Amino acid sequence: MVHLSNITRQHGSQILFQDASFQVLPGTHTGLVGPNGAGKTTIFRIIAGQEEVDAGELIISKKTTVGYFSQDVGDMSGRSALEEVMAACESTVRLAAGMKDMEAAMCEPMSDDDMAALLERYGTAVEAFEHMEGYDLDSRAQSVLTGLGIGPDRYNDPVESFSGGWKMRIALAGILTLKPDVLLLDEPTNHLDVESIIWLEEWLSSEFRGALLMTSHDRDFMNRVVTRIIEVANKTVTTYGGNYDFYERERDIRFEQLIASHKRQQDMLAKEEEFIARFAARASHAAQVQSRVKKLEKIDRIEIPAEERTVRFSFAEPPRSGDDVAAFDGLGKVWIAPDGRENPVFSGVSGMVRRLNKIAVVGVNGAGKSTFLKILAGQTDATEGSATIGANVEIGYFSQHAMELLDPGKTVFETLQEAMPLANIGVIRNLLGAFLFSGDTVDKRIENLSGGEKSRVVLATILCRPVNFLILDEPTNHLDIRSREILLDTLQNFGGTIILVSHDRHFLRLLVNRVFEVDHGEMRVYEGNYDYYLSKSHHCAG
């Protein structure tokens with residue numbers, strides 16, 4: 001299928017991998033993991049033919065079709081959503097047109113030899129068309145779009161009318177409809193809600209027969225979809241059989257074994273070096289000393305990769321708020337569209353947030369989860385009803401919009417210093433370390449950071465203040481699995497109240513103790529954790 005053997009690739013002076021080999025076999029579902037910047041996207045681009053290797057070779061058979069979904073959807077315009085999806089399957093559509101022409105030609109008079117040649121060409125085309133599952137292309141395009149949350153009422157809307165996140169879904173629908181032999185998915189769940197993620201899980205498990213290679217920061221999704229893991233780290237590529245949980249356990253075991261071997265080798269080297277130092281000056285031992293020096297030169301030194309250190313930062317205990325943190329009564333919101341039309345989001349929503357609650361706000365896309373959080377955070381006014389914030393409540397609000405408010409010219413360190421004007425340099429560095437900024441990275445300018453890095457900066461600026469009510473809208477969106485674990489640990493130990501929207505089910509399962517579901521304009525409250533909500537609501541997948 002796809003074989004990469006002894007590949008080496010470097011960007012500038014940074015070596016991503018050296019003499020690395022792995023393969024993507026037919027029908028396998030593989031997760032691609034590794035720290036940010038290790039070269040995961042480069043591997044996708046190499047297989048998709050968008051980048052070359054510096055050394056080694058990529059073997060991929062001529063007939064293999066590769067579909068690559070990346071975070072960069074490019075320019076979309078001039079077509080409807082459904083046409084855009086069909087355009088991704090251009091080769092299938094072209095083949096169908098060619099078959100039609102051949103069928104028409106068969107009705108015309110021609111010599112036996114020409115007819116035989118035409119029939120042979122037609123047979124080859126039909127075989128290829130069946131391999132591409134061309135006969136149900138239309139219905140497949142529609143069902144994939146619907147599964148990803150774009151229903152029949154929006155098939156014919158122009159792509160320009162969709163926001164960035166929805167364009168991502170259209171691009172993803174195109175690649176899935178194509179059903180390539182090798183499907184490369186780079187963070188496919190990033191812009192999906194829980195319903196669409198569950199649909200995609202089902203589709204990949206039951207509908208897709210090809211080989212899948214994907215990255216995802218959603219641990220639950222990864223565990224359900226993949227049966228092997230390829231890790232890109234420390235300039236090499238390692239394959240593990242099993243899902244993400246299995247890989248994590250196995251990786252830790254291998255790391256402990258490596259440390260033990262390293263220690264044994266260090267002890268042996270120390271003994272040999274001591275012998276050489278002791279007898280180097282004695283002529284009687286010259287031959288022995290020489291042979292030991294040669295032996296040491298030949299030894300392959302075991303190197304321990306710089307383990308990604310996790311700094312623990314203990315956040316100051318937040319000031320105590322009153323027991324009633326927020327109360328809302330008959331809350332409603334109507335957005336007025338640019339053309340003056342009214343878009344009601346929800347109405348008649350009542351409830352109470354109590355001190356130390358950790359609440360998930362759930363509901364389908366467009367149900368008004370973010371709007372509800374905005375009203376609580378005082379970022380927008382309700383159209384009807386009231387929201388009252390309790391006594392001594394200090395709010396920390398995180399939204400995707402907050403990343404755009406960072407000053408692009410400032411460094412990471414300066415941004416934090418501004419948020420904590422009274423803290424000394426050591427405290428600021430320590431906090432940044434807890435959010436994975438250390439060494440030179442604290443001097444990077446905001447404009448040069450990735451989405452995940454910006455997210456971590458914003459979270460650090462919120463959590464360093466004495467806040468006792470965190471309102472978080474998709475805080476995990478751009479974070480990799482490791483950053484999510486650190487944030488989860490911080491929030492589990494947070495001594496205040498939390499209300500959040502997130503589509504990371506692993507995160508919700510380990511954090512929340514109440515669930516507010518916004519559905520068709522009303523709110524239902526579940527007095528239990530996320531699993532309790534799943535068992536009691538109509539969502540039995542989870």
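Guide: One cut-off first: a residue is called buried when its relative accessible area is under 20%, and exposed when that area is over 50%. Please also keep in mind that this is a predicted model.

Visitor: Then is E248 buried or exposed?
Guide: E248 has a relative accessible area of 19%, and it is therefore classed as buried, the limit being under 20%.

Visitor: Where does E248 lie?
Guide: E248 is placed in helix α9, which covers residues 244–279.

Visitor: And which side chain does E248 contact?
Guide: The side chain of E248 makes a polar contact with that of R219, at 2.4 Å.

Visitor: Let us turn to the rings. How many aromatic pairs are there?
Guide: The structure contains twelve aromatic pairs. One of them joins F328 and F516 in an edge-to-face arrangement, with 6.1 Å from centre to centre and 65° between the planes. This pair connects distant parts of the chain, 188 residues apart: F328 belongs to strand β10 (residues 324–336) and F516 to strand β17 (residues 514–519).

Visitor: Are those two buried or exposed?
Guide: Both F328 and F516 are buried.

Visitor: What about the pair formed by Y530 and Y533?
Guide: The rings of Y530 and Y533 are tilted, with centres 5.7 Å apart and 40° between the planes. Both tyrosines lie in helix α18 (residues 530–536), three residues apart, or about one turn of the helix.

Visitor: Why do Y530 and Y533 count as buried?
Guide: Y530 counts as buried because its relative accessible area is 2%, against a limit of under 20%. Y533 is buried because its value is 3%.

Visitor: Going back to F328, which aromatic cluster includes it?
Guide: F328 forms one aromatic cluster with F346, F372 and F516.

Visitor: Which charged ends sit over rings?
Guide: Among them is R292, whose charged end sits over the ring of F275 at 3.7 Å from its centre. The charged end of R456 likewise sits over the ring of F437, 4.7 Å from the centre.

Visitor: A change of topic: how many disulfides are there?
Guide: The count of disulfides is zero.

Visitor: Is C107 buried or exposed, then?
Guide: C107 has a relative accessible area of 66%, so it is exposed, the threshold being over 50%.

Visitor: And C464, buried or exposed?
Guide: C464 is counted as buried, because its relative accessibility is 18%.

Methods: Residues are numbered from 1 along each chain as its sequence is written. This is a predicted model: local features need pLDDT of at least 70, side-chain atom pairs count only at pLDDT 80 or more; totals for chains, interfaces and linings use all residues. Side-chain values use heavy atoms; hydrogens and water are left out. Helices (H or I, at least four residues) and strands (E, at least two) are DSSP runs, numbered from the N terminus. Buried means under 20% relative accessible area, exposed over 50%, partly exposed in between (1.4 Å probe, protein chains only). A polar contact is a pair of N or O atoms within 3.5 Å; within protein, one must be able to donate a hydrogen and the other to accept it, and residues adjacent in sequence count only if both atoms are side-chain atoms. Rings of Phe, Tyr and Trp (its six-membered ring) pair if their centres lie within 6.5 Å; planes under 30 degrees apart count as stacked, over 60 as edge-to-face and the rest as tilted. A charge sits over a ring if NZ of Lys or CZ of Arg is within 6 Å of the ring centre and within 35 degrees of the ring normal. A disulfide is a pair of cysteine sulfur atoms within 2.5 Å.
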